[in-house]
Amino acid sequence: MAIRIERLYLSDDNRVSITAYLHEPDVSHNDQTKRRAAVVVFPGGGYRSLSDSEAEPIALKYLAEGFHAFVLRYSVGEHAAYPAPLLDASRALAVIRHYAGMDYG
């Protein structure tokens, strides 16, 4: 299973990011057009911090089950005032939807 990991920053100061864990198409099995379901992981932390143990390990478990997985590192601490984390989530979902129909490779 070939995978690709990419990070995209969603804020000017690089506080907010989304990390994509993507399955690469398997050209030997004509997998180029196979669409996969995706899941977005929002690590816990009570808006004070983000739990690393609830980020990449969870994404990798979904990846192993055949999903594309995304980890959103949203606004926390002094930057977590409402509605900042919700706007981060909305922006992340818009980015995922934007790229969902595109070819990659």
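# A first look at this chain

Leu10, Val16, Ile18, Ala20, Leu22, Leu50, Phe70, Leu72, Tyr74, Ala89, Ala92 and Ile96 form the largest nonpolar core, which counts 12 residues in all. At least two residues of this core come from each of three elements: strand S2 (17–23), strand S4 (68–73) and helix H2 (84–100). Please keep in mind that this is a predicted model.

**Overall layout**

- The chain contains 2 helices and 4 strands, and reading along the sequence gives the pattern β-β-β-α-β-α.
- Of the 105 residues in the chain, 32% are buried.

**Inside the chain**

- In soluble globular proteins, nonpolar side chains tend to be buried together.
- Ile18, one of the residues of the largest core, touches Glu6, Arg7, Leu8, Leu10, Phe70, Val71, Leu72, Ala92 and Ile96, leaving aside residues up to four places away in sequence.
- Another core lies apart from the largest one; it has 8 residues, including Tyr21, Val39, Val41 and Val71.

- Ile3, Ile5 and Leu60 make a nonpolar surface patch of about 240 Å².
- Leu60 belongs to helix H1 (residues 56–64), and this residue counts as partly exposed because its relative accessibility is 36%.

**The loop around Ser11**

- Ser11 sits in the loop between strand S1 (3–9) and S2.
- With a relative accessibility of 14%, Ser11 falls under the 20% limit and therefore counts as buried.
- The Ser11 side chain reaches the backbone nitrogen of Arg15 at 3.0 Å, and a polar atom of that side chain also lies 3.0 Å from the backbone nitrogen of Val16.
- Arg15 in turn forms a salt bridge with Asp13, with the closest N and O atoms 2.6 Å apart.
- Both partners count as partly exposed: Arg15 has a relative accessibility of 33%, and Asp13 has one of 44%.

**Other salt bridges**

- Side chains of opposite charge can pair when their charged atoms come close.
- How many salt bridges are there? The count comes to 5.
- Arg4 pairs with Glu24, the closest N and O atoms being 3.8 Å apart.
- This pair links distant parts of the chain, 20 residues apart: Arg4 is in strand S1, while Glu24 is in the loop between S2 and strand S3 (38–41).
- Is Arg4 buried or exposed? Arg4 counts as buried because its relative accessibility is 19%, whereas Glu24 is partly exposed, with a relative accessible area of 23%.
- Arg4, Glu6 and Glu24 are linked in a network of salt bridges; Glu6 is also among the residues that Ile18 touches.
- In helix H2, Asp88 and Arg91 lie 3 residues apart, about one turn of the helix, and they form a salt bridge whose closest N and O atoms are 3.6 Å apart.
- Asp88 is buried, with a relative accessible area of 4%, while Arg91 is partly exposed at 34%.

Technical notes:
Residues are numbered from 1 along each chain as its sequence is written. This is a predicted model: local features need pLDDT of at least 70, side-chain atom pairs count only at pLDDT 80 or more; totals for chains, interfaces and linings use all residues. Side-chain values use heavy atoms; hydrogens and water are left out. Patches are made of residues with over 30% relative accessible area and no salt bridge: like charges are joined within 9 Å, nonpolar side chains (Val, Leu, Ile, Met, Phe, Trp, Tyr) within 5 Å. Accessible areas come from the Shrake-Rupley method with a 1.4 Å probe; for residues, only the protein chains shown count as cover. A salt bridge is a side-chain nitrogen of Lys or Arg within 4 Å of a carboxyl oxygen of Asp or Glu. Buried means under 20% relative accessible area, exposed over 50%, partly exposed in between (1.4 Å probe, protein chains only). A nonpolar core is a set of buried Ala, Val, Leu, Ile, Met, Phe, Trp, Tyr and Cys residues joined through side-chain atoms within 4.5 Å. Contact means heavy atoms within 4.5 Å. A polar contact is a pair of N or O atoms within 3.5 Å; within protein, one must be able to donate a hydrogen and the other to accept it, and residues adjacent in sequence count only if both atoms are side-chain atoms.
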